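Open the model in your viewer and keep the selection tool at hand. This short tour goes from one stop to the next.

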Amino acid sequence: MPMMKSAIYVLCSAFLFLTQGLGMNLALANLNQLQGSLSATSVEAAWLSAAYMAPNVSLSIALVKIRAQYGLRRFAEIGIVGFVIVSLMNVFVSDLHSAIVVRFISGIAAAPMSTLGFLYMLEAFPPARKLTTGLALALTCTTISAPITRLISPALIEYGQWHGLYLMEMALALIALPVIYLLPLTPVPHAKVIQRLDILSYLLVAFSFGCLAVVLSMGRLYWWFEAPWLGVLLAVSIAALTAVVLIELNRAVPLIDMRWLASKEVVHFTAVLLIFRLVASEQSAIATNFYQQIGLQFEQVATLYWIILAAAIAGGLLCAVLMSPQHSERVHMLALGLLATGAYLDSQASSLTRPEQMYVSQAMIAAGTALFLPPAMASGFRAALAKGPSYILSFFVVFLFTQNIGSLIGSAAFGTFVTIREKFHSNILAEQIVLSNPLVAQRINQLAAAYGRVVGDRTLLNGEGAVLLSQQITREAYILAYNDAFLLDAMIALGALVGLLVHMSYKWFAQRLAGPPLRTAL
């Protein structure tokens, strides 16, 4: 393929990833700002994210077979038309209920867009470089939409709240429509591959993953043991997944090869990806909420998100250069080292920390995230191809579970951890706040002085001072809790790095003990 045409396919892929990523992140990044225009509480607004993720986490599994049976061209055209239609539906959103319905449909329509992004990126490269350079650049493009969303959101929110945000998505979708039609993908042979039991198995998988996505999205907001329906959804999710396992184990040609998924190599691969997704969620699940906790607005962290964007692109380009089977473990070492160091640096934050103090640490985390995933996915994809084309869909199940459900697990786990640690630190700090302490009394008087001109009653004035001091204690407790979360993330990354070094050392010693291969004389 000529270089100019390859560059066009790469740009088209990046554009499709950006279109899909903005559609997913615009609401998620602006839940607090959208509450007013949708007349919703913070918990109610969180249903926008849950409604989007419920169908989206599993739909790519079905698309693999749909694409194989009906062809790439038809798949691409129908996928982009569906996305455009759903984007237009955002114009008619007027309240929370309509927004949740549109977000659910958007989650369905967005799944083909990420698949098209991958296909257009791989189209730009020859077969020898598809699983190296092509895969690295495609996965890098999946990481850039989050910082870009943070950069453009303030202007869009100011322009028109919900409609301002999604007019942008609609415009990008309309631009993508002629691009898909004018820049076709290379057609591949297609055949009838969808069986009746495939439909039942997929519906059960989709139902299970959807229920699990809702539980993980809403669990820490309703609190895990306080809302009975969370337990019911989780039980139903497990039951549906168990039914899938029983069905697939008794099929001659299964949709998902459960025996292969239970093999030692695949379990190890799944654990590696889950640990990575847990560590990589530091930036979205911990750092972003930390900025909000200390009162930073989008405009104040704009430079930080530019640095994160640049670091992610740099990490992806470096990974594209280093992508080869013999370098994968070294790339993982570098990525885990960056993630562990960046998270540890963030764990030293205080109420006086500002974005400038987190430039280096967040850049390290962004680069480490971009470096880790491509080699891992390439090795897993090669292992699936070695077993046969029918195993590719089983590999996609592992990948989607670890990345989509894994990201929700990371957000839920760290969010719950921060809540628990905040209560712990609040109790310790509150024990030290007694009015008999002259420093505490002096602090209350200083804080109460702000109301001295409007409140004449001394008792009420001291009460206002005590309220302000309580707010400061809560803020400091949250900062300590976020520091604990940063430190926990660093410890997980460091533990993974130590495990990788032990694994590499074991392989090296095993090879040395085995000695060089014997050569037979002719």
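## Stop one: two helices in contact

This is a predicted model. Select helix H3 and helix H7. On the H3 side, the contact is made by Val43, Ala46, Trp47, Ala50, Met53, Ala54, Val57, Ser58, Leu59, Ile61, Ala62 and Lys65. Facing them in H7 are Asp198, Tyr202, Val205, Ala206, Phe209, Gly210, Ala213, Val214, Ser217, Met218, Leu221 and Tyr222. Colour this contact by class: 19 residues are nonpolar, 3 are polar and 2 are charged.

Now show the whole helices. H3 covers residues 42–70, and H7 covers residues 196–222. How do they lie against each other? Two packed helices are described by the angle between their axes and the distance between the axes. Here the axes come within 8 Å and cross at roughly 155 degrees. Angles over 145 degrees count as roughly antiparallel, so H3 is roughly antiparallel to H7. Turn the view to see the crossing of H3 and H7, which is right-handed.

## Stop two: the cysteines

How many disulfides does the structure hold? The count is 0.

Start with Cys12. Its closest cysteine sulfur is in Cys141, 11 Å away, which is too far for a bond. Cys12 is buried, with a relative accessible area of 5%.

Move on to Cys319. It is in no disulfide. The nearest cysteine sulfur is again that of Cys141, here 13 Å away. Cys319 is buried, with a relative accessible area of 0%.

Key:
Residues are numbered from 1 along each chain as its sequence is written. This is a predicted model: local features need pLDDT of at least 70, side-chain atom pairs count only at pLDDT 80 or more; totals for chains, interfaces and linings use all residues. Side-chain values use heavy atoms; hydrogens and water are left out. Axes are lines fitted to C-alpha atoms, for helices over the stretch in contact, and angles run from 0 to 180 degrees between N-to-C directions. Helices (H or I, at least four residues) and strands (E, at least two) are DSSP runs, numbered from the N terminus. Angles under 35 degrees count as roughly parallel, over 145 as roughly antiparallel, 65 to 115 as roughly perpendicular and the rest as oblique. A crossing is left-handed if the near helix is turned anticlockwise from the far one by less than a right angle, and right-handed if clockwise. Contact means heavy atoms within 4.5 Å. Ala, Val, Leu, Ile, Met, Phe, Trp, Tyr, Cys and Pro count as nonpolar, Asp, Glu, Lys and Arg as charged, and the others, Gly among them, as polar. A disulfide is a pair of cysteine sulfur atoms within 2.5 Å. Buried means under 20% relative accessible area, exposed over 50%, partly exposed in between (1.4 Å probe, protein chains only).
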